[in-house]
Amino acid sequence: MVGRIMPNFIEVRQGDSFTIQLQFKDENDFIDISGACLKMQIKTGNDNKTLINKIGVIDDAPKGKAHIAITPEDTKKISPNNDYITDIQITFKNGEVHTIYPQDINQVAKFIISQNVTE
């Protein structure tokens with residue numbers, strides 16, 4: 001599971017698996033994400049074309065645990081070392097939508113695909 005998530009970018013190696021682990025908490029307790037939907041998109045930075053659509057999996061709703069899996073098939077045919085952008089949103093069952101990544105409201109996160117040698 002090679003990859004990394006930083007405050008303003010996510011990096012994965014082309015053709016590798018990478019799981020983004022998420023846990024929702026406020027200052028006092030876990031946030032129950034029952035009935036919520038997590039979405040992530042990766043788009044080209046220049047023409048905003050969607051390359052990857054991902055739906056998150058809720059692992060433990062009462063404890064706010066979920067994940068988004070990037071699979072080898074997701075990145076295999078996408079050119080490495082280009083400018084891609086991403087964010088992650090959660091829609092709660094009451095209809096509230098929150099962009100949870102990147103946390104800085106003034107930034108769009110980069111999605112970096114590094115080159116793979118071995119296939």
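1. Start with T86, which counts as buried because its relative accessible area is 3%, well inside the cut-off of under 20%. Keep in mind that this is a predicted model. T86 has its place in strand β8. A polar atom of its side chain lies 2.8 Å from the backbone oxygen of Q41.

2. Who else does T86 touch? Setting aside residues up to four places away in sequence, the list is I10, M40, Q41, I42, Y101, P102, V108, A109, K110 and F111.

3. Next, the largest nonpolar core. It has 25 residues, and those with the most contacts inside it are I10, I20, I33, M40 and F111. At least two core residues come from each of β2 (9–13), β3 (18–23), β4 (37–44), β7 (65–70), β8 (84–91) and β10 (109–114). As a general point, nonpolar side chains in soluble globular proteins tend to be buried together.

4. Ignoring neighbours within four places in sequence, I33 is in contact with F24, I58, A61, G64, K65, A66, I90 and F92.

5. Is K54 buried or exposed? It is buried, because its relative accessible area of 14% falls under 20%. K54 sits in strand β5, which covers residues 50–55, and its side chain reaches the backbone oxygen of A69 at 3.0 Å.

6. The surroundings of K54 are worth checking on screen. Beyond its neighbours within four places in sequence, K54 is in contact with L38, K39, M40, I68, A69, I70, T71 and D74. Take I68 as one of these: 14 residues separate it from K54 in sequence, while their C-alpha atoms are 7.0 Å apart in space. M40, also in contact with K54, is one of the core residues with the most contacts inside that core.

7. Finally, a sheet. Three strands form an open sheet in the order β3-β7-β6, and the pairing is antiparallel. β3 and β6 (57–60) are the edge strands, each pairing on one side only. On average, neighbouring strands here are turned by 30° against each other, direction ignored.

8. Within that sheet, how many bridges join β6 and β7? They pair over 3 bridges, in the antiparallel sense. D60 stands opposite K65 in β7, and K65 is also one of the residues in contact with I33.

Note on methods
Residues numbered from 1 in each chain as written. Predicted model: local features only at pLDDT ≥ 70, side-chain atom pairs only at ≥ 80, totals over all residues. Heavy atoms only, no water. Helix = DSSP H or I, 4+ residues; strand = E, 2+ residues; numbered from the N terminus. Buried < 20%, exposed > 50% of the residue type's maximum accessible area, 1.4 Å probe, protein only. Contact = heavy atoms within 4.5 Å. Polar contact = N/O pair within 3.5 Å; in protein donor to acceptor, adjacent residues only side chain to side chain. Core = buried A, V, L, I, M, F, W, Y, C linked by side-chain atoms within 4.5 Å. Pairing = 2+ DSSP bridges. Axes fitted to C-alpha atoms, helices over the stretch in contact; angles between N-to-C directions.
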